[in-house]
Amino acid sequence: MAPNNDNDDDTSLEKYNVDWTGHYRGSSSIVVRPKSTEEVSRILSYCHKRRIGVVPQGGNTGLVGGSVGIGGEVILSLEKMNNIECYGKKDGSVIRADAGCILEELQNYAAKNGNLVPVDLGAKGSCQIGGNVSTNAGGVYYYRYGSLHANVLGLEVVTPTGDVLNLGYDPVSHLKDNTGYHLKHLFIGGEGTLGVVTKVSLRCPPLPVSRGAMWVTCASLSDVVRVLTLARTDHLNEILAAFEFMDRDVLELVRAAYPSIRFPLDIGNVTPATTINNDTIIDPYSILIETHGSDNNHDREKLESFFECIMEEGLVVDGVMAQNLGQIEDFWKIRELCNPATAAMGYVYKYDISLAAIDFDSFIHDMKVRLIDASHDQQKAASSDKNLICGNWGHIIDGNLHCNIVSPNSFERDSELLKIIDEGIFEEVMKRNGSISAEHGLGQYKNEYMTRIKTPSTLRAMYDIKRVFDPHGIMNPGKYLPEPSAESSPE
Amino acid sequence: MKVLVGVKRVVDYAVKVNVKNGSVNLNNVKMSLNPFCEIAVEEACRLKESKAAEEIIALSIGPKQCTETLRTALAMGCDRAIHISTDMRTDYMELQPYAIAKMIQKIVDQEQPDLVLLGKQGIDSDCGQTGPMLAGFLGWPQITFAANLTANDDGKSITVERETDSGTETIDATLPAVVTCDLRLNEPRYATLPNIMKAKKKKVDTINADDLDVDLKTYNEVVEVFEPIGRKAGVSVDNVDELLDKLRNEAGVIV
């Protein structure tokens, strides 16, 4: 087996060994880039026989270190497997693609056929559909179109022994198939610990004929939650596609990292009292709402009457409504810059948690109190000036909060601080019956929490499943499941 | 000064259009304010905010849905609107710049504005003829491709920078005048929701195009509309010899 039998592009290992965050680094000396399922199968059975660890890798855009090695595993990159096949050209409602297809290319392909890929996220330009499936990626339209568990019709996967499993992938997936154990669900969000997803078949809804968007600001998170409730129930209901919130702290970071970005409320009709250096003071909370429907006039009327209602109830400070599709993209651009902006400003302690929307406010407040205490202790210890910034945004409609703690101008991880924050987050999330990973998964960052959040019998069942598919434990070792303890390990 | 600003309703620039029955398919396609007209509206609003203009009238020609487009202009800051109603297509298929300019001339006669601000072109027909024709009919100065506009203190003239292939020209013009707006003139504001609400109460007068006593005939015949032929995917070649072979025998660009 030649480690790299093509000579077309960059073969430096750096990009395979370091993930997007730069927080996780492996030391693999071999990357294989198979071009077919057959090659994946041969690679895995080779590694299985020789007990060589394998890390399946997509776009390397994960945020929990799941896609790079912890040691010298073989990296199995799917990037050369990127064919798209569309099925049902008339309705195009099923798209089948190789795991290595870039999400955005898949979206563009579907759009040409009048369809929407039901998953969308900021990393769409580099993440791959196989990685999306393996990590059960959520994204901004999760509320409207559902999770990948709902939208993946079929998968082709290769298990460590080299067996190719056809889990409803071939022939063209039926929309309904209720036969046998639904094994595909083990690989959706399995983070490559049971095998490698090589092909994906997805249900795609029709592209919305009408898209609308508004950007409104609120003075408090409780107002945001009331706006959310009104949007979801009485007003936007069936056309509501996305509802994202961003707090002032993260938007200040976006402004600092990308000074040329124009905020929707920066220009026009700004009273002088609310500007500093020609910049508007950012209101405490900003909301981006998108609608998908089939009639532009209908949706526009709904958005306007919705705004009238929330304005009358005094829930919003101000707002703008996109007048064309370009403005919708402008709004999203700001939302999508939240993540890179935090990374540009310093080391980011990243958290992706699930809570009831009404608990966001107290959670953020309590975390900020903890951070002030932590900074205080740190200052005493290191006598350095650390003003940690806690920037928050997320899919509040799914109860999904991205809480990002940035140490400005310091790009090194502070292990002491990490421990303090990790523990603080964990306690505050558990107190509110939340989840410590809403959509980012476990990887090598959060796997050790599993013993604290799953019962021993649940964990045992997970180890049992792992052993069935991967008896030698070669797949993505050291991640997802914690190291087995005495009572949970097999006898 | 009183400003008349042209507001064309066109297929949204982010929409990938397709051709159906010999013309661009407009059925259930997102329509928006022409981006160059949006710049004209923004410039008019800035003139008003700087007290150079007292009143801005937005004018649109097309089907009844043009009132939505006018609402956008009103929400951005125009004071009132005039809608010339017609079911003829405005993307060159039926109504063409000559008739459009003639209709605008009628409104100019009626409203007596000091300045007419138009987009430099509609992104659907890409003609760029309406502004110059209108100036010709009126016998007014015309400044096309404006990249900067200053209303002079005398209240009777404007100074406009216009972009040309050989550089920027600065032109003084006496009012009344016709100015067409280019991309770099300004960055249009977003329509705020409170202003969208206020815009609903602003006046929109509708006039039937047939009542304007203008020749609406389509003089230039559109022979064919077709989608651009897609670019063929590239191929990798293994070596220089293969490249030369393809250039010689497939592409025929070398001998």
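Analyst: A disulfide is a pair of cysteine sulfur atoms within 2.5 Å. In this predicted model, a search of the whole structure finds zero disulfides over all chains.

User: How do you know that B:Cys37 is in no disulfide?

Analyst: The nearest cysteine sulfur, that of B:Cys181, is 8.6 Å away. The cut-off is 2.5 Å, so B:Cys37 is in no disulfide.

User: What keeps B:Cys45 from counting as bonded to B:Cys78?

Analyst: The closest cysteine sulfur to that of B:Cys45 belongs to B:Cys78, at 4.9 Å. A disulfide needs the sulfur atoms within 2.5 Å, so 4.9 Å is too far for a bond.

User: Why are B:Cys37 and B:Cys45 called buried?

Analyst: Buried means under 20% relative accessible area. B:Cys37 has 5% and B:Cys45 has 3%, so each counts as buried.

User: Why is α9(A) called roughly perpendicular to α11(A)?

Analyst: Helix α9 (residues 248-257) and helix α11 (residues 325-345), both of chain A, pack at about 75 degrees, with axes 8 Å apart. Angles of 65 to 115 degrees count as roughly perpendicular, so α9(A) is roughly perpendicular to α11(A). By class, their contact has 12 nonpolar residues, one polar and no charged.

User: What makes β10(A) a partner of β13(A) and of β16(A)?

Analyst: Strands pair if there are at least two bridges between them. Seven bridges join β10(A) to β13(A), and two join β10(A) to β16(A), so both pairs qualify. β10(A) runs antiparallel to β13(A) and to β16(A). A:Glu244 stands opposite A:Leu288 in β13(A), and A:Phe245 opposite A:Gly394 in β16(A).

Methods:
Residues are numbered from 1 along each chain as its sequence is written. Chains are lettered from A and ligands numbered from 1 in the order in which they are written. This is a predicted model: local features need pLDDT of at least 70, side-chain atom pairs count only at pLDDT 80 or more; totals for chains, interfaces and linings use all residues. Side-chain values use heavy atoms; hydrogens and water are left out. Axes are lines fitted to C-alpha atoms, for helices over the stretch in contact, and angles run from 0 to 180 degrees between N-to-C directions. Helices (H or I, at least four residues) and strands (E, at least two) are DSSP runs, numbered from the N terminus. Angles under 35 degrees count as roughly parallel, over 145 as roughly antiparallel, 65 to 115 as roughly perpendicular and the rest as oblique. Ala, Val, Leu, Ile, Met, Phe, Trp, Tyr, Cys and Pro count as nonpolar, Asp, Glu, Lys and Arg as charged, and the others, Gly among them, as polar. Buried means under 20% relative accessible area, exposed over 50%, partly exposed in between (1.4 Å probe, protein chains only).
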